Amino acid sequence: MTQRIDEDSVVWLTQEGYDQLKSELEHLKGPARAEITQRISDARDEGDLKENGGYHAAKDEQGKIEARIRQLEDMLRRARVGETPKAGGKVEPGMKVSIKFAGDDDVETFLLGSRELLALDASVDIDVYSPQSPLGSAILGKKKGDKASYEAPNGKDVTVEIVAAEPFTG
């Protein structure tokens, strides 16, 4: 039975981002898992586990590695790979979007995409909104000059105007 992925749970990634996450997963499932298993075994051989800081630290690290493996497997299962859009104008995943909130002249710029993209490159310094977020889903498909409304977490309706939508280049 094939599991259908709900459109709201899709993780949009570039091919490069997908490949980097897949590589991290392979490293964690292979060399990293083997290394932590060896550290646990070595610490266990030292004797009393109640006061063995190395053993407890290694078990904690093992838990973090296993949690990250589950997170990556889930993300890659839900991934849709696409290229960064080549042309601007229309709001879609992979675009750097600038908006103005109604009644405010300040412009806010952010990336519409997966937060995991930021984790892949620490030099990228931009906020990220998911296409599934209230703001992201409201502006998806809009063009410069279009207005969109969405319900904020506090229950209030918020209206924004699209100022620009350009391909994100990092």
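Me: What share of the contacts in the protein with a separation of 6 or more comes from residues 24 or more positions apart?

Reply: In this predicted model, residues 24 or more positions apart account for 55% of those contacts.

Me: What elements make up the protein, and in what order?

Reply: There are four helices and seven strands. From the N terminus on, they run β-α-α-β-β-β-α-β-α-β-β.

Me: Why is Ser-133 called buried?

Reply: The relative accessible area of Ser-133 is 16%. The cut-off for buried is under 20%, so Ser-133 with its 16% counts as buried. Ser-133 sits in the loop between β5 (128-129) and α4 (134-139). Across the protein, buried residues make up 32% of the 170 residues.

Me: How do you know that the span of helix α1 agrees with its number of residues?

Reply: Helix α1 (residues 15-44) has 30 residues, and at 1.5 Å a residue it should span 44 Å. The expected span uses one less than the number of residues. The end C-alpha atoms of α1 are 42 Å apart, which agrees. Helix α1 also bends by about 40 degrees at Leu-28, with Pro-31 following within four residues.

Me: Which residues of α1 are buried?

Reply: They are Gly-17, Leu-21, Leu-25, Leu-28, Ala-32, Ile-36, Ile-40 and Ala-43. An α-helix has 3.6 residues a turn, so residues three or four places apart point the same way.

Me: Which residues of strand β6 lie on the covered face and which on the uncovered one?

Reply: In β6 (residues 147-151), Ala-148 and Tyr-150 form the covered face, while Lys-147, Ser-149 and Glu-151 form the uncovered one. In a regular strand the side chains alternate between the two faces of the sheet.

Me: Why are β6 and β7 called paired?

Reply: Pairing needs at least two bridges; β6 and β7 (residues 157-167) have five, so they pair, and they run antiparallel. Tyr-150 stands opposite Val-158, and Glu-151 has Asp-157 as its bridge partner. Their hairpin has five residues between the strands, and Gly-155 there takes a positive phi near 95 degrees.

Me: What makes β3 a partner of β7?

Reply: Seven bridges join β3 (residues 95-101) to β7, and the two run antiparallel. At least two are required, so β3 and β7 pair. Lys-96 stands opposite Glu-166 in β7.

Methods:
Residues numbered from 1 in each chain as written. Predicted model: local features only at pLDDT ≥ 70, side-chain atom pairs only at ≥ 80, totals over all residues. Heavy atoms only, no water. Buried < 20%, exposed > 50% of the residue type's maximum accessible area, 1.4 Å probe, protein only. Bend = angle between axes of the 7 residues up to and from the residue. Contact = heavy atoms within 4.5 Å.
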